[in-house]
Amino acid sequence: MTTTTRVAPLIDARGLHKHFGPLHVLKGVDLMVAPRELVVVIGPSGSGKSTLLRCLNLLETPDSGSVVVDGIDLMDPRTDINLARQRIGMVFQSFNLYPTMSALGNVTLALRHVAGKSAAEADVLGMAALARVGLADRAGHRPHQLSGGQQQRVAIARAVALEPRAMLFDEPTSSLDPELVGSVLAVMRELRADGMTMVVVSHEMGFARAAADRVVFMEDGAIVEQGPPDAIFGDATHSRTRAFVGQIRA
Amino acid sequence: MSDFFDAGIILAAWPMLWRGLLTTLALSALVVPLGLAAGFGLALLSTSRSRAVRWGVIGWTDLFRAFPPLVLLILLYGGLPFAGLELGGVACMAIAFFLNTGSYYSEVIRAGMESVPPGQSEAARSLGLGTWQTLRTIVLPQALRRVLPDLVSNTLEVVKLTSLASVVAVPELLYQARQAQSLTYNPSPIFAAAVLYAVALWPFVKILRRLEQRAAPSR
């Protein structure tokens with residue numbers, strides 16, 4: 001275990017099980033993330049890492065287990081899940097920007113409809129969020145007028161604008177051309193520097209090595225091993241971890 | 001030939017034809033919104049979490065798309081009185097079109113909603129938008145944009161189908177033309193009605209072509 005257990009975890013997921021039909025995708029996964037911690041989840045495709053991430057804001061409902069984020073029990077039927085989700089930003093592999101709206105429109109939608117800001121307030125906050133990802137000058141552009149990297153940065157701004165307590169990233173750079181990956185990772189590093197708690201599912205080993213506090217290796221619906229990046233990438237305990245890390249680097 | 005297009009008779013029948021055209025427009029203004037309302041209702045129900053509701057919607061839309069609207073109309077107009085329920089022609093039109101065209105509109109809207117990638121709703125839900133908010137602000141605007149040509153095309157069909165009302169004694173354009181025909185023993189009023197239909201709908205066909213052309217290259 002890591003040394004983060006002394007602080008109350010911001011994300012506290014325990015005993016998560018999830019089936020998709022006959023497939024047992026999560027087989028009793030525990031994941032605790034301390035405030036300001038950056039956890040990178042790695043593992044082969046189909047290992048359940050995206051499903052785990054999507055359970056942390058209940059985009060997937062676990063069959064059993066508990067998910068507590070910032071003290072809110074997401075599995076409690078009395079919990080207003082829409083209110084809770086405002087505190088947990090999410091960034092997707094395929095960006096999922098709203099194609100009919102400008103970059104600013106994408107960022108302000110939830111500010112207006114969820115956070116209850118006036119249009120003027122939302123515009124100010126939205127512009128600030130876009131500035132934070134270096135895209136204030138693209139506020140009026142539609143998604144299709146932006147590069148993949150810019151689209152993903154707008155998606156980050158859209159989530160950050162609600163001032164979440166934690167951010168979830170589901171393979172944020174996997175659908176980007178290699179030369180655009182850096183700009184997105186740079187924004188994520190800045191978020192990290194600002195103290196954002198982050199869980200990142202990623203194949204970017206360079207990023208994991210440099211930025212992560214902890215790397216979690218998943219395989220076949222379970223966490224095989226976790227620890228500081230040096231340990232996971234340097235001398236992992238499990239042969240399966242070593243095999244996967246070796247493959248990725250090759 | 002002169003019998004087929006007798007300007008004098010058309011002129012004499014013109015007040016009837018004009019009233020008929022206005023009635024056709026009024027009838028359209030009644031049944032199109034009804035059909036659209038039913039279509040939206042059914043399409044939204046088809047996204048229900050309950051399997052029973054979804055199957056119910058499928059059964060309903062399939063049934064009323066399989067049912068010829070003319071048969072439905074005559075059944076309502078001629079059959080219901082025997083069940084002790086006597087409805088006027090306009091009411092029968094409203095019910096028949098609510099059932100029939102509502103099912104067609106529903107399929108168009110549902111197809112549009114299904115064409116919106118699931119990631120769009122997921123992104124909205126992950127930001128804290130509720131089910132209804134997501135539908136209203138994200139899914140429906142994109143869905144309607146995608147199926148606008150089909151909606152307009154369907155609406156044109158519905159307007160043309162209002163001529164069915166002539167069978168149940170609603171004095172719309174075709175009914176008035178046939179009345180004029182039997183009064184004058186001359187088909188010219190029917191010819192005039194046909195021209196009126198075409199002239200009234202022509203602009204909408206043009207708009208439809210525009211929409212289809214604009215939709216085509218980007219898909």
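**Why these words? A conversation about a predicted model**

Author: Welcome! In this predicted model, A:Gln86 sits in the loop between helix H2 (81–85) and strand E6 (88–91) of chain A.

Reader: Why is A:Gln86 called buried?

Author: The relative accessibility of A:Gln86 is 17%. Buried means under 20%, so A:Gln86 counts as buried. Leaving aside residues up to four places away in sequence, A:Gln86 touches A:Val114, A:Ala115, A:Leu162, A:Pro164 and B:Leu127.

Reader: What about B:Leu80, and why does it count as partly exposed?

Author: B:Leu80 has a relative accessibility of 23%. Partly exposed lies between the 20% limit for buried and the 50% limit for exposed, so B:Leu80 counts as partly exposed. You will find B:Leu80 in the loop between helix H3 (69–79) and H4 of chain B. B:Leu80 touches B:Leu75, B:Leu85 and B:Leu87, again not counting residues up to four places away in sequence. From the C-alpha atom of B:Leu80 to that of B:Pro187 the separation is 33 Å, and these two residues are 107 residues apart along the chain.

Reader: Let's turn to the helices of chain A. What makes H3(A) and H5(A) roughly parallel?

Author: Helix H3 (residues 103–113) and helix H5 (residues 148–160) of chain A pack at an angle of about 25°, and their axes are 8 Å apart. Angles under 35 degrees count as roughly parallel, and therefore H3(A) and H5(A) are roughly parallel to each other. The crossing of H3(A) past H5(A) is right-handed.

Reader: Which residues make the contact of H3(A) with H5(A)?

Author: From H3(A) come A:Ala103, A:Asn106 and A:Val107, and from H5(A) come A:Val154, A:Ala157 and A:Arg158. By class, four of the contact residues are nonpolar, one is polar and one is charged.

Reader: Why is H3(A) described as mostly covered?

Author: Nine of the eleven residues of H3(A) are buried. They are A:Ala103, A:Leu104, A:Gly105, A:Asn106, A:Val107, A:Thr108, A:Leu109, A:Ala110 and A:Leu111.

Reader: What covers the buried residues of H3(A)?

Author: The cover includes helix H4 (119–132) and H5 of chain A, together with helix H6 (131–161) of chain B.

Reader: Over in chain B, why is H2(B) called oblique to H4(B)?

Author: Helix H2 (residues 51–66) and helix H4 (residues 89–115) of chain B pack at an angle of about 120°, with axes 8 Å apart. Roughly perpendicular covers 65 to 115 degrees and roughly antiparallel starts over 145. An angle of about 120° falls between these ranges, so H2(B) is oblique to H4(B). H2(B) passes H4(B) in a left-handed crossing.

Reader: Which residues meet there?

Author: On the H2(B) side are B:Trp60, B:Thr61, B:Phe64 and B:Arg65. On the H4(B) side are B:Leu99, B:Asn100, B:Ser103, B:Tyr104, B:Ser106 and B:Glu107. The classes in this contact of H2(B) with H4(B) are four nonpolar, four polar and two charged.

Reader: How many helices and strands does chain B have?

Author: Chain B has eight helices and zero strands, and its pattern along the sequence reads α-α-α-α-α-α-α-α. Its C-alpha trace spans about 70 × 50 × 25 Å along the principal axes. Of its 219 residues, 42% count as buried.

Reader: Now the rings. What makes the pair of A:Phe217 and A:Phe244 tilted?

Author: The count is three aromatic pairs over all chains. In the pair of A:Phe217 and A:Phe244, the ring centres are 5.3 Å apart and the planes stand at 35°. Stacked needs planes under 30 degrees apart and edge-to-face needs over 60, so this pair is tilted. A:Phe217 lies in strand E9 (residues 214–219) and A:Phe244 in helix H9 (residues 239–249) of chain A, so the pair ties together parts that are 27 residues apart in sequence. Both A:Phe217 and A:Phe244 are buried.

Reader: One last topic, the backbone. What is the phi of A:Leu58, and why does A:Leu58 count as buried?

Author: Phi of A:Leu58 is near 65°, a positive value in a residue other than glycine. Most residues other than glycine have a negative phi. A:Leu58 has 12% relative accessibility, so it counts as buried. Its place is in the loop between helix H1 (49–55) and strand E4 (64–69) of chain A. A:Glu171 has a positive phi of about 45° although it is not a glycine.

Technical notes
Residues are numbered from 1 along each chain as its sequence is written. Chains are lettered from A and ligands numbered from 1 in the order in which they are written. This is a predicted model: local features need pLDDT of at least 70, side-chain atom pairs count only at pLDDT 80 or more; totals for chains, interfaces and linings use all residues. Side-chain values use heavy atoms; hydrogens and water are left out. Axes are lines fitted to C-alpha atoms, for helices over the stretch in contact, and angles run from 0 to 180 degrees between N-to-C directions. Helices (H or I, at least four residues) and strands (E, at least two) are DSSP runs, numbered from the N terminus. A crossing is left-handed if the near helix is turned anticlockwise from the far one by less than a right angle, and right-handed if clockwise. Contact means heavy atoms within 4.5 Å. Ala, Val, Leu, Ile, Met, Phe, Trp, Tyr, Cys and Pro count as nonpolar, Asp, Glu, Lys and Arg as charged, and the others, Gly among them, as polar. Rings of Phe, Tyr and Trp (its six-membered ring) pair if their centres lie within 6.5 Å; planes under 30 degrees apart count as stacked, over 60 as edge-to-face and the rest as tilted. Buried means under 20% relative accessible area, exposed over 50%, partly exposed in between (1.4 Å probe, protein chains only).
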